[in-house]
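Here's a quick briefing to read alongside the model.

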Amino acid sequence: MLAETLLVARKDLRVEWRAKIALGQVAPLALLILVVLAFALDANSSLLELGAGGLYWVAVLYGGTLLIQRSFDVETDDGNMDAFRMSAIGAPSLFLGKSLALFVQIGLLELVLGSGIAVLYNVRVADWWLLLVAAAAGTVAFSVCGVLWGAMSAGLRVRATLLPLLLVPVLVPILLAGSRAFETALGVRADAGWTWASLMLVIAAVHTAIGFGAFGFLLEEG
Amino acid sequence: MTSVTHSNAKMTATATTRVLGVLAIAATALMTVLGLLISPADVIQGEAVRMLYIHVPSIWIAYGAFVLTSVSSILFLRGRKRREDRGRHYDRLAGSAAEVGVVFTGITLVTGMLWGKVTWGTYWQWDARLTTTVLLFVTYLGYLALRRLPADPIVRSRRAAVMALISFVNVPIVHYSVDWWRTLHQKASLSVGRRPEITGEMYWTLLYSTLAVTIVAAWLIIHRYRVIRLEELRDEETLAALISSRLDKDDGSN
Amino acid sequence: MSEVATVVTGWGITIFVIATYSIWVVSRGKAIGQELGIGEMEQLDPRKDAGATTDL
């Protein structure tokens with residue numbers, strides 16, 4: 001199963017590497033969002049510093065949704081879902097493989113966004129470990145939810161508007177916990193950062209388990 | 001189509017549901033009289049307490065409807081291969097319950113905000129219950145949007161069932177995290193929304209209102225279920241007509 | 001808004017919403033039924049309800 005998982009992930013990443021949508025389009029767009037958010041807060045540097053944690057996750061949500069969309073568009077456009085159903089690759093491996101590929105892509109996006117925020121919003125990191133753990137847990141939750149809801153809206157005509165509507169409500173706890181954990185990691189707020197980070201780990205685990213079990217239902221045809 | 005007979009009477013009504021409908025109207029009328037006129041005003045909240053006779057039963061019904069959606073979704077997923085109708089009975093039940101649940105969640109939000117305006121002096125507070133409710137509302141709006149999309153009915157139903165289950169699992173996670181958010185940072189604001197002591201006549205009015213709202217919701221779910229079945233019949237007939245018109249094209253009979 | 005006015009607004013909105021939704025459901029049922037040329041449905045028995053998929 002590990003081999004299958006890696007196979008799927010490598011396939012997705014290779015497709016992505018050739019098209020370079022994530023780095024070429026989504027990351028620059030996410031950086032633009034950071035600029036627009038600064039407009040919204042009137043470039044008030046203390047506000048930006050205070051809100052940096054939350055604004056980071058808003059930008060990740062925006063860019064991540066686009067990446068998720070794309071991860072399934074490349075499958076449905078060529079009828080790949082049918083190929084998967086026929087192949088020997090099981091639903092759990094497919095789920096894990098696609099999640100892994102998304103994890104790498106969203107992780108890269110977050111790297112770009114994190115650097116952007118550090119420079120543009122002038123933040124300093126107070127607790128690197130907390131930052132990394134929270135970011136990793138959030139990215140896992142994003143990826144597995146993304147694969148699950150991406151499969152749910154795959155192949156439907158209005159998926160571009162449907163996916164965010166379905167995705168955001170389930171990601172709310174992650175966005176909330178991520179914002180709070182980052183505030184502590186960036187030294188803006190003293191309390192409870194690790195509590196929030198552990199909540200994120202729990203949520204990520206729950207969503208992974210759900211996806212593992214439920215993904216098969218979404219692939220079944222007719 | 002064993003369950004459809006030809007006559008000119010009302011489409012989705014039966015003798016039983018007509019009785020239920022009359023009962024629902026009568027119960028609502030009595031609820032209005034009890035809630036607005038007979039029950040006393042609260043010592044602390046004054047007249048605003050009358051809003052709770054709608055607000056509280058509505059959220060109970062909404063949660064009940066979403067539980068029904070989840071249970072039906074499980075039964076649909078389990079029965080989709082064994083049952084003769086491929087589990088579509090449960091799928092319709094899930095869909096109609098979710099829609100009624102969304103209506104009552106909306107009512108909960110509106111009456112809650114109005115109640116908040118007179119009691120707290122503001123329509124909205126970032127209180128755990130309010131935030132969870134509004135997210136619940138949006139989640140199930142998304143579920144209904146998914147159900148409405150043009151797609152293969154069985155595939156769509158299966159996706160909707162999975163979504164219903166995940167959403168239901170997610171409700172406590174959302175509630176827990178939002179609750180945490182508010183209690184970790186703003187302990188003071190929570191005491192503003194203190195609930196009144198509901199006893200005596202107010203208690204009975206609330207209990208009766210719950211019964212009345214349940215009857216109304218049951219009527220709505222049953223009728224919505226029947227309309228969903230009619231919609232399915234129509235879609236199948238349209239499809240059948242389309243296929244036969246293609247087949248008949250050769251001999252020119254259209 | 002006074003307390004009484006708020007309460008009346010809340011009840012009014014609720015009754016309006018429920019009434020509109022009920023009418024919508026019933027009239028939609030009627031409209032589709034007429035389209036299909038069928039009349040009253042018999043007592044709904046979920047156990048036996050095979051719908052139109054009996055022949056599948």
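Two residues are in contact if their C-beta atoms, placed from the backbone, lie within 7 Å. Helices (H or I, at least four residues) and strands (E, at least two) are DSSP runs, numbered from the N terminus. This is a predicted model, in which local features need pLDDT of at least 70 and side-chain atom pairs count only at pLDDT 80 or more, while totals for chains, interfaces and linings use all residues. Residues are numbered from 1 along each chain as its sequence is written, and chains are lettered from A and ligands numbered from 1 in the order in which they are written.

**Chains B and C at a glance**

- Chain B has six helices and zero strands, so its elements read α-α-α-α-α-α from the N terminus on.
- In chain B, 43% of the 254 residues count as buried; buried here means 20 or more other C-beta atoms within 10 Å of a residue's own, exposed means 12 or fewer, and partly exposed is in between.
- Take the contacts in chain B with a separation of 6 or more: 80% of them come from residues 24 or more positions apart.
- Chain C comes to one helix and zero strands, and 23% of its 56 residues are buried.

**Where chain A touches chain B**

- The contact takes 25 residues from chain A and 26 residues from chain B.
- On the chain A side, α7 (159-185) and α8 (193-219) each supply at least two residues, and α7(A) gives the most, with nine residues.
- That side of chain A divides into 20 nonpolar, one polar and four charged residues. For the sorting, Ala, Val, Leu, Ile, Met, Phe, Trp, Tyr, Cys and Pro count as nonpolar, Asp, Glu, Lys and Arg as charged, and the others, Gly among them, as polar.

**Helix pairs in chain B**

- The axes of α3(B) (residues 88-119) and α4(B) (residues 128-148) come within 9 Å and cross at roughly 145°. Axes are lines fitted to C-alpha atoms, for helices over the stretch in contact, and angles run from 0 to 180 degrees between N-to-C directions.
- Which residues of α3(B) meet α4(B)? Among them are Gly95(B), Ala98(B), Glu99(B), Gly101(B) and Val102(B), and the α4(B) side includes Leu130(B), Thr133(B), Phe137(B), Tyr140(B) and Arg147(B).
- The residues of that contact of α3(B) with α4(B) divide into eleven nonpolar, seven polar and two charged.
- α2(B) (residues 52-79) and α6(B) (residues 200-248) have axes that come within 9 Å and cross at roughly 45°. That makes α2(B) oblique to α6(B); angles under 35 degrees count as roughly parallel, over 145 as roughly antiparallel, 65 to 115 as roughly perpendicular and the rest as oblique.
- α2(B) passes α6(B) in a right-handed crossing. The contact includes Leu52(B), Tyr53(B) and Trp60(B) of α2(B), and Thr205(B), Val213(B) and Ala217(B) of α6(B).

**A helix pair in chain A**

- The axes of α5(A) and α8(A) come within 8 Å and cross at roughly 110°, and that makes α5(A) roughly perpendicular to α8(A).
- From α5(A), the contact uses Ala91(A), Pro92(A), Leu94(A) and Phe95(A); α8(A) brings residues including Phe212(A) and Phe215(A).
- The tally for α5(A) with α8(A) is seven nonpolar, two polar and no charged.

**The nonpolar core**

- The largest nonpolar core has 134 residues, and those with the most contacts inside it are Ala141(A) and Met200(A). Such a core is a set of buried Ala, Val, Leu, Ile, Met, Phe, Trp, Tyr and Cys residues joined through C-beta atoms within 7 Å.
- Leaving aside neighbours within four places in sequence, Met200(A) is in contact with residues including Ala137(A), Ala141(A), Ile174(A) and Ala181(A).

**Two single residues to look up**

- Is Asn122(A) buried or exposed? Asn122(A) counts as exposed because 12 C-beta neighbours lie inside 10 Å.
- Asn122(A) sits in the loop between α5 (91-120) and α6 (128-153) of chain A, and its phi is near 60°, a positive value in a residue other than glycine.
- Val168(A) lies in helix α7 of chain A and is partly exposed, with 18 other C-beta atoms within 10 Å.

Key:
Left-handed = near helix turned anticlockwise from the far one by under 90°.
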